[in-house]
Amino acid sequence: MLTLNSFAEEVFYCSSELATGLIMENGEWKTTTYETDRFTIKFNDNYSTLSGLESYALYCEQAPGAASKQILICSPPFDADRFIFENELKRFMYLRQATNGYLTNRNFSTWIEAGTCQSF
C-alpha cells in the first residue's frame, strides 16, 4: 500500500514513449501521432499538488478503490487535462485537452501521452 510519505521530496524525470490523439483537418477528425516529450515533475509535501507540467499547479488525489492505492490522479482546477501517475512501476498517462477539443468540435487537437519516470 502506498502512503503519501513515500513520495516525500521526490523529483521524477519522465519520458513519454507514446503520444497519439485526434486532430481536426479540413473539418474532419483524424487520428494522428505526436512528438514524444520529456519533463521533470515534483509533488509538494502533502502530495496534493504537482508542478513541472504546466505554468500552473495540478491538484492531486489518490485514485479510489483498493487496487488503486499506488495511483495519483492530478488535474488543474479549470481544464480537462489529467496526469495519472502509478508509483510502483513509475508509469504515467497524460491526457491533454482530453475532452474539450472533441466534445465542443473546436479546431484544436486532443492527445494522450504514456511513458515512464525515474527518480532523480
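Cys60 is buried, at a relative accessible area of 11%; buried here means under 20% relative accessible area, with a 1.4 Å probe and protein chains only. Its partner is Cys74, and a disulfide joins the two with an S to S distance of 2.1 Å. A disulfide is counted when a pair of cysteine sulfur atoms lies within 2.5 Å. Cys60 sits in strand E5 (residues 58-62) and Cys74 in strand E6 (residues 71-75), so the bond ties together parts 14 residues apart in sequence. Strands are DSSP runs of E, at least two residues, numbered from the N terminus. Cys74 also counts as buried, at 0% relative accessibility. The link of Cys60 and Cys74 is right-handed, with 110° about the S-S bond.

A word on the source. This is a predicted model, in which local features need pLDDT of at least 70 and side-chain atom pairs count only at pLDDT 80 or more, while totals for chains, interfaces and linings use all residues. Residues are numbered from 1 along each chain as its sequence is written, and side-chain values use heavy atoms, with hydrogens and water left out.

How many disulfides does the structure hold? There are two. The other joins Cys14 to Cys117, with S to S at 2.1 Å. This pair links distant parts of the chain, 103 residues apart: Cys14 is in strand E1 (residues 11-25) and Cys117 in strand E9 (residues 110-119). The link of Cys14 and Cys117 is right-handed, with 105° about the S-S bond. Cys14 is buried at 0% relative accessible area, and Cys117 is buried at 5%.

Last, the pairing. With the bonded cysteines numbered in sequence order, it reads 1-4, 2-3.

How values were computed: Helix = DSSP H or I, 4+ residues; strand = E, 2+ residues; numbered from the N terminus. Buried < 20%, exposed > 50% of the residue type's maximum accessible area, 1.4 Å probe, protein only.
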